[in-house]
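Please consult the sequence and the coordinates shown here while reading.

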Amino acid sequence: MLLETRTLTKAYTPETTAVSGVSLHIAAGEIVCLLGPSGCGKTTLLRMIAGLTRPDSGTVWFEGQEITAVPPHLRDFGMMFQDFALFPHKNVFANVAFGLEMHGWSRARIAARVAEMLALVDLADFAQRDVTQLSGGEQQRVALARSLAPGPRLLMLDEPLGALDRALRERLMLDLRQILQRVGVTAVYVTHDQTEAFAIADRIVVMNGGQIEQIATPQALYARPATPFVARFLGFHNLLAGVVAAPGVVETAVGQLRIDDETPAVGTAVTLLLRPEAAAIVASGAKQEAGLQGTVTAVSFRGRYLQVWLAVAATRLMFELPITYDLHPGQTLTLALSPKSILIL
Amino acid sequence: MKRLLYSLPILFLALFYFYPLAAILRLSFAPQGAIDWAALRELVGTDYYLQTLWFTTWQAAVSTLLVLLLALPGAYVFARYRFRGKQTLQTISTLPFVLPTVVVANAFTALLGPNGLLNGWLMRWFHLAEPPIQLQFTIWMILLAHVFYNYSVALRIITTFWQNLGDRLPQAANMLGASPWRAFWTITWPLLRPAVLAAALLVFIFCFTSFGVVLILGGPQFATLEVEIYRQAANLFNLPVAAALSLLQIVFTFVLMALYTRSQANMIRPLTLQSARHTAKPIQNGRDRLIVTVNLGVMLVLLALPLSALLLRSISGQQGLTLRFYRELFINRQGSLFFVPPGTAVFNSMTFALVAMSMAVALGLLAALMLTQKPKAGDGKLQTKLQSLIANSLDPLFMLPLATSAVTLGFGYIITMNKPPLNLRSSLALVPIAHTLVATPFVIRSVLPAMRSIRPSLREAAAILGANPRQVWWHVEWPLLRRALLVGAVFAFTVSMGEFGATVFIARPQTPTLPVAIYRFLGQPGALNYGQALAMSSLLLLVCAVGFVAIERFRLGTEGEF
């Protein structure tokens, strides 16, 4: 285990705990994303790992050594800041060379390493540029080169794409993942954007209210959100409260639903997640027992599918339906739900 | 070690600021050891002192109002119009800020006094026996000098703010159907108000504590608190009354300063400041031209006339242009024991200013470092609260010397520094110490914004890259602060060069500074002495102007908040 945190806790004020009792393992070569809404404690956790914030309690271990009290400049970690934190009075070369100078590299080695790093981020011709005259994307890449140059034992990235516009973010996401993999550095990546986390992470740590909600690979996380919070954060709308009526059957506000998921004992209260792709339209006239009848309240064309909002009793559900249908608000619709696409959280 | 260094500015403040002030307090309440209300009762009981307070207040209020009336349109022109020479004009218009009061006062007598340039010309042209402009020793001279002196302060504060406010918000209001006038009153003015208020308060403080201008231009019948303190202490040796007046002065300026720092904090509100470059428009029509021309005319008349009059008058004698006054500076005609060649006065001023500058830079830097320290994480809640409380009150605390009258300070030195533990009365160090106290706030005000503008992530990035705290300072913070510190240093230098109120109290007879030497010449009768005073003022003007050019050269953008 490369990095380990044991019950890290930090409270800026006694009323609100930023991080409470977080224990986390990170293996060498892994890219781990800390994902969560703003204020969930992900940045505080990152800063405690970096040594920029001292935890109130708990410890940080690196390669089996406790480093909780080691100041940041002796940790040999790297960090990319959200605002990039490029030194405005130094040019691109001097920014990338800074960490190497601090580590006492010779001039010749520094020059070679900086050139190598700038080539890595595709900025080979930018060495003498003024950092204040770079575009956002260029600044981001200089910051990356700077943090990678000294060969950090662990790279931390605090919302490194947060300051950039959407189109640029999409492109740089892939670049970033490729560069990180090529260098083979262990990385902790903080973001509030699930798309970013999915694109970059080997493993995702979803945080909420200073605690870990779920740790999983991107695929597992999407397939099986562990809690209603995670499901909602990943953009799932159809969460229904219910009670297990029989094995494989749950009683909800929209009627009894059959599910393939393993059900707990009869009478247990559960939360169901209906995946948006779970429904298919039942031709009018056909009788079906698991039919979900409701009124269409909104239809939005999304290219590959129609996003349809359906009011069933007092519950509003969202489904993705084939674009071949011609649907209008006010229309009554009967949907068949696939038991496979209903999960118990 | 860090603690020790940080305690230096506070120690200095305690020793050379609070200790003399405490002595003044003691002297006003308990001159003989026991508490005695006599002096205070006298203060409250007699009309004269109330009148002094009243005069001090209303002249400051009227001066402030006049300054705002002139500076607001001026700020509008500078903030909203683009025209050739604007940059230079803007720079020149702030020159008075670094001019010593003695110089300003003399500039106005040189222009408007009975022997002034204007009267001389009018008498010659219209063959008059009497000078037609009779402003000497009237309130108008004082008000004019105050306007001259503070116009630049108000102009600078308001222009900077207005420029960065941008024109997008009023444009949005226009699009929503507001007329330009309406947009100004409902959008621009409320946003501008904190800056105007801050400027008004600062100008009011400066006028309230005005000394040199009132002493020289007001004559015997006008006295602000400041002048009265000086007269009571230096001329009448009525120390308890002087102390009581000082106390009054301190109370007033403390309240005003607290208001000022509050209003200044409010100025930080607009979050999306627009770059000034995009908000100015070129002069397009006759109306624009009129607005700009009138304002530039006001500026020219107000700022350039008195200063040129000073220079011109200092080289004009009975028979036309002459350098006689400058030559006379080096000759001791009366064999006076107290004669000090101006070269010596220049040397004194320079030496004091260099020493004061070095001390002010060191102390100001330490103070600014201390003010930007974040409370250490991990401390208890109470401790953190206490720390932030101290940090919040420290900022205005360091500004206090700026608001406290120099005369009060000099007076405090007179009564405390003449006996152990601080027997400095006859020491050469006393003048630089007083100047350091007055100059340090300028250094702090110059450095602090630069220091605050260094994002914490820069320090953190350097630390993560392996820089220890000393390396972080040397490679990241110092290079980013250097220029601001230089600006602060030159400020300190010019402030020390021009300091008059405290120096006139504490300078030893053999080692006067330039302003004190000028005042001495003014106190002696005759055209020759007057001419020499003007010649010396001109010298001082040149020195300060050079310092000012240096400040402007090294100032990055609009660094330095006042």
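## Overall make-up of chain B

In chain B, 81% of the contacts with a separation of 6 or more are between residues 24 or more positions apart. The model is predicted. Chain B contains 23 helices and six strands. Of its 562 residues, 45% count as buried.

## Domains

Chain B is split into domain 1, which covers 1-36 + 325-562, and domain 2, which covers 38-313. Between them, 42 residues of domain 1 of chain B are in contact with 44 residues of domain 2 of chain B. On the domain 1 side, the elements that give two or more residues are helix H1 (2-29), helix H16 (381-403), helix H17 (406-416), H20, helix H21 (501-506), helix H22 (514-523) and helix H23 (527-554) of chain B. H23(B) gives the most to this side, with eleven residues. By class, the side of domain 1 of chain B that touches domain 2 of chain B has 28 nonpolar, eleven polar and three charged residues.

Chain A also has a two-part assignment, with domain 1 at 3-228 and domain 2 at 239-344. The C-alpha centres of these two domains of chain A are 41 Å apart.

## Contact between chains B and A

Where chain B touches chain A, 19 residues of chain B are in contact with 21 residues of chain A. H19 and H20 of chain B are the elements that give two or more residues to the chain B side. Of these, H19(B) gives the most, with seven residues. The chain B side divides into eleven nonpolar, five polar and three charged residues.

## Helices H19 and H20 of chain B

Helix H19 (residues 456-464) of chain B packs against helix H20 (residues 469-498) of chain B at an angle of about 135°, and their axes are 10 Å apart. H19(B) and H20(B) are therefore oblique to each other. The crossing in which H19(B) passes H20(B) is right-handed.

From H19(B), Leu458(B), Arg459(B), Ala462(B) and Ala463(B) meet Val472(B), His475(B) and Val476(B) of H20(B). Sorted by class, this contact of H19(B) with H20(B) has five nonpolar, one polar and one charged residues.

## Helices H18 and H20 of chain B

H20(B) also packs with H18(B): the two axes come within 8 Å and cross at roughly 155°. H18(B) and H20(B) are therefore roughly antiparallel to each other, and their crossing is right-handed.

The residues of H18(B) that make the contact are His435(B), Val438(B), Ala439(B), Phe442(B), Val443(B), Ser446(B), Val447(B), Ala450(B) and Met451(B). Those of H20(B) are Leu480(B), Leu481(B), Ala484(B), Leu485(B), Val487(B), Gly488(B), Ala489(B), Phe491(B), Ala492(B), Val495(B) and Ser496(B). By class, the contact of H18(B) with H20(B) has 16 nonpolar, four polar and no charged residues.

## Helices H17 and H18 of chain B

H18(B), which spans residues 430-453, packs with H17(B) at an angle of about 145°, with the axes 11 Å apart. H17(B) passes H18(B) in a right-handed crossing.

On H17(B), the contact residues are Ala406(B), Leu409(B), Gly410(B) and Tyr413(B), and they meet Leu430(B), Ala434(B), Leu437(B) and Val438(B) on H18(B).

## Buried positions in chain B

Nine of the ten residues of H22(B) are buried, so this helix is largely enclosed by the rest of the structure. The buried residues in H22(B) are Leu514(B), Pro515(B), Val516(B), Ala517(B), Ile518(B), Tyr519(B), Arg520(B), Phe521(B) and Leu522(B). H22 is also one of the elements that give two or more residues to the side of domain 1 of chain B that touches domain 2 of chain B.

Phe161(B) lies in helix H7 (residues 139-165) of chain B. Phe161(B) counts as buried because it has 22 C-beta neighbours inside 10 Å, the cut-off being 20 or more. From Phe161(B) to Leu217(B) there are 56 residues in sequence and 33 Å in space, C-alpha to C-alpha.

Technical notes: Residues numbered from 1 in each chain as written. Chains lettered and ligands numbered in written order. Predicted model: local features only at pLDDT ≥ 70, side-chain atom pairs only at ≥ 80, totals over all residues. Axes fitted to C-alpha atoms, helices over the stretch in contact; angles between N-to-C directions. Helix = DSSP H or I, 4+ residues; strand = E, 2+ residues; numbered from the N terminus. Parallel < 35°, antiparallel > 145°, perpendicular 65-115°, else oblique. Left-handed = near helix turned anticlockwise from the far one by under 90°. Contact = placed C-beta atoms within 7 Å. Nonpolar A, V, L, I, M, F, W, Y, C, P; charged D, E, K, R; others polar. Buried ≥ 20, exposed ≤ 12 C-beta atoms within 10 Å, placed from the backbone. Domains from an automatic or database assignment.
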